[in-house]
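Subject: Structure handover

Hi,

Here is the structure I promised to pass on. Please open it next to this email; my notes follow below.

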Amino acid sequence: MLLLKPDDRLTANYKLKEFLVSDRNPDLAGELYKTVAPRIENLFMLCHLILQPVSDKFKVSIHISSGYRDQRLNAATKGSSPTSSHRKGKAADIFTDNKDLLPDIFAFIRDQLRGLYFELFLYLDEKGNPDFIHVSTATHNRPERVRIVD
Ligand SMILES: [Zn+2]
């Protein structure tokens, strides 16, 4: 098992602590470090296979609004499945300061990183503008799911 501290890097652009957050339930994020250890290898794969290639390609800051979720945080997250990939450390919800970039990032992952992801969802806000991308790493024998969610 990888044992990392929150400030340790998973890849050049990503620290473990960036996955121990929740924009919607920040009060529940403080506990995440206590249970993340068995999930760090999955976060490492997510960074290496998907997030770092996105950073290298687009050269902008990629922000994470939700990464790893423990049982409590996942249950408090509206619309989440009890078996969410976030529970396993295999998913992240990401956004950029300029959200107009999100469709390009979505297309890059969809077309250039095929075989490496399982879920790839581009979420739109209530005005129909790009809001964030949910992406998870590939799961054995399951075909990928790609959607735009409004
Ligand atoms: Zn998500």
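Which residues have the most contacts inside the largest nonpolar core? They are F19, L20, L51, A92, I94 and V135, in a core of 32 residues. Helix 1 (40–58), strand 4 (91–95), helix 3 (102–112), strand 5 (117–124) and strand 6 (130–137) each give two or more residues to this core. Helix 1 gives the most, with 6 residues. Keep in mind that this is a predicted model.

Leaving out residues up to four places away in sequence, L20 touches P6, A29, L32, Y33, V36, G67 and Y68.

Next, the strands. Strand 5 pairs with strand 6 in the antiparallel sense, over 6 bridges. Y117 has T137 in strand 6 as its bridge partner. The two strands form a hairpin with 5 residues between them. In that turn, G128 has a positive phi of about 90°. Strand 5 also joins strand 7 (residues 145–149), here in parallel and through 5 bridges. The bridge partner of L120 in strand 7 is V146.

Two backbone angles deserve a look. K59 is not a glycine, yet it has a positive phi of about 55°. K59 sits in the loop between helix 1 and strand 3 (63–66). K59 counts as exposed because it has 8 C-beta neighbours inside 10 Å, and the cut-off for exposed is 12 or fewer.

N141 is not a glycine either, and its phi is positive at about 65°. N141 lies in the loop between strand 6 and strand 7. With 5 other C-beta atoms within 10 Å, N141 is exposed.

Best wishes

Notes. Residues numbered from 1 in each chain as written. Predicted model: local features only at pLDDT ≥ 70, side-chain atom pairs only at ≥ 80, totals over all residues. Core = buried A, V, L, I, M, F, W, Y, C linked by C-beta atoms within 7 Å. Buried ≥ 20, exposed ≤ 12 C-beta atoms within 10 Å, placed from the backbone. Helix = DSSP H or I, 4+ residues; strand = E, 2+ residues; numbered from the N terminus. Contact = placed C-beta atoms within 7 Å. Pairing = 2+ DSSP bridges.
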